[in-house]
Amino acid sequence: MEAILNVQSVKKSYRMGKILVPALREVSFDVSEGEFLTIFGPSGSGKSTLLHLIGCLDRPDAGEILIEGVNVLKLSDEKLAELRLKKIGFVFQFFNLLPRLSALRNVELPLIIAGISEREAREKAKEIVTLMGLEARMNHRPSELSGGEQQRVAMARALINNPKIVLADEPTGNLDTKTGWEIVQLMKKLNQEKKQTFIVVTHDPHIAETADRIVYLKDGLIEAVKEAPRGNSQ
Amino acid sequence: MKSSKILAVAWENLTQRKLRASLTTLGVVIGIAAIIGLAALGEGFRLEIRERIQQGFELNVLIVIPGSFTAALRPPFIPQEVNSVRNVTGVALVAPLITLPQVKIYNETNQRINAFTVGAVNFSEMTQMVGERFIPIEGEIPGEDENDTIVLGYRACFLNETTRLARVGDNVTVLQINVSKTLRVAAILGKGGTPGITNFDNWAFIPTKTAVQLMEGEEAYNLILVKVSDIEQSEQVANDIENVFENPYAISVLVPIAFVRQVDRILAIVQLFLMAIASISLLVAGIGIMNIMTVSVMERTREIGILKAIGAKSRTVLAMFLSEAVLVGMVGGLIGILTGYGLSFVLSYGLSNFIQPQQQDTAFQSPGVQQSMAIRPVFSLEWTIIAFIFAVIVCIIFGLYPARKASKLNPVDALRYE
């Protein structure tokens, strides 16, 4: 299968006061279209940094990132925003929903940003909220929803623009085991039904092992890459 | 993102923080109200003053004098010179006038009649020249061939409301040094109202021929009144009149419209100055907007990060925050304009009450003429639009920094922000 994402010798350091802390030393890997990939590692291993770089939220110090063969580092900030809008969906550990907006309005936000008419956006948002099993809760604000519900709203928001790549940063990190597992299963289902590429960052080995492929990250370097430990790719 | 939607979102963001938004807007309201209030009041004040000055002049009548007000630089005008003035393009009418300052007038009971100046004129010319000011309340203005007549100004005839010195038909004695003549009072003029050059309340008028006989000399005029056919051409005509004379610098041409324009200009500057002071309050409001928006950007850092993460462009974020500033400016501007006009009415009422009692005793008070300074605020569409645009521009300028700060936020940093 064709690679939808190439990460080539990517380096990234952060400045903490006066010290430059390397977060990624040199990381290279490819992701195929429709793949369900997990990036697994202890905290501080650089996995969130890697996900932010893939998601075009930040730029690496060195190396190249290609999405569908396009070198994203050569794109302007405005073009990157467009790329995030159209090709990438983000799910965060802390959900990152806008607290003042209802679940439905949170979900339709990417469409509104894309300039789609309010009616159309509303319709699409309702559709996907229903798909996530939240139709009864869609007019509630995030604070009135449970963690699992909030994360499903976040997933709906990530998916509404039908992105090629869905990035999830510890999506279960703030949920109890059961709810977390449900979220992962939902992702797996969407991955299989819609053939969307999922890249999930986790430090939970149980969740990491549901993937087609696991990238083990430690101290900013790839330690190992394991293929389908349970034969997940059918 | 559609601009209409950006505005809607900005409006929503503002209305969700009602107290904060209304306090920010209040600053703009005060600033604009001050500007509009002063502009309306100042404009009313300016019009009132201009009107009052105009009452003292005939705007289309130029006055030509030999020399200047303070010194006669040359002898009075001879008839040929008057004729040359008559022939200048743009001159509609000419009325030469002889002033006889030494003439004393006595009534039948030998009381001195209170005329400061005796002017010798051609009565029909005067009627055409300054018709509205040359209206008799008693008697009739004498015709061309009625010599040995006199027309008295209101104050020359009346000592006060009840005491008068002469009636139409009385014979008065005029005395110029040694020569004396008995003249019949033909008419008494109405009150001129506002003081000014063409206010004849303290004048007396006699026919030119009578004056020549009194002076025992040639016709020589101290003043030429010139009516122009087009007020706007006044300065040009004045210039042409000067050039008729051999030595143009020896004569002066008084152009009332130029004087009025000058006063008008000065008042406009004063008005602008007042408004500049009022603008300072708008500046303060602008800084308030900047302050509140900077805090707001900090509070909403995470929200900005989320928006950027899901694909909002920097431009969109900028537009969103700037729209909030623009909305504050528009709402504040509109309310401020209404408040400002309201304020100007209240102020004008207070000011008029303040001015009126003080004016009662002024020496210039002419009875019967509406004398109180009633300043009516003037609604100016032009100033309204300018004030509104000014409000919005100030808000944009002061909103720009925080809005740019928001748009420049790095999404990763913004998401990490607690």
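Visitor: Let's start with a cysteine: is B:Cys157 buried or exposed?
Guide: Buried. This is a predicted model, and in it B:Cys157 has 0% relative accessibility, so it counts as buried.

Visitor: And B:Cys395, buried or exposed?
Guide: B:Cys395 counts as buried because its relative accessibility is 1%.

Visitor: How many disulfides are there over all chains?
Guide: Zero, from a search of the whole structure.

Visitor: Which residues lie nearest the centre of the pocket?
Guide: Those are A:Ser48, A:His52, A:Gln93, A:Asp169 and B:Arg416, out of 21 lining residues. By type, the lining divides into ten polar, six charged and five nonpolar residues.

Visitor: Now chain A as a whole. What is its secondary structure?
Guide: Chain A has seven helices and ten strands. Its radius of gyration is 17 Å, close to the 17 Å from the globule rule for 234 residues, so chain A is as compact as a globular protein of that length.

Visitor: What does the C-alpha trace span along its principal axes?
Guide: About 45 × 40 × 40 Å for chain A. Buried residues make up 53% of that chain's 234 residues.

Visitor: What about contacts between residues at least 6 apart in sequence?
Guide: In chain A, 69% of those contacts join residues at least 24 apart.

Technical notes. Residues numbered from 1 in each chain as written. Chains lettered and ligands numbered in written order. Predicted model: local features only at pLDDT ≥ 70, side-chain atom pairs only at ≥ 80, totals over all residues. Heavy atoms only, no water. Disulfide = S-S within 2.5 Å. Buried < 20%, exposed > 50% of the residue type's maximum accessible area, 1.4 Å probe, protein only. 1 Å grid on protein atoms, 1.4 Å probe; cavity = no way out; pocket = protein on both sides within 12 Å on 5 of 7 lines; lining within 4 Å. Nonpolar A, V, L, I, M, F, W, Y, C, P; charged D, E, K, R; others polar. Helix = DSSP H or I, 4+ residues; strand = E, 2+ residues; numbered from the N terminus. Rg over C-alpha atoms; globule rule 2.2 N^0.38 Å. Contact = heavy atoms within 4.5 Å.
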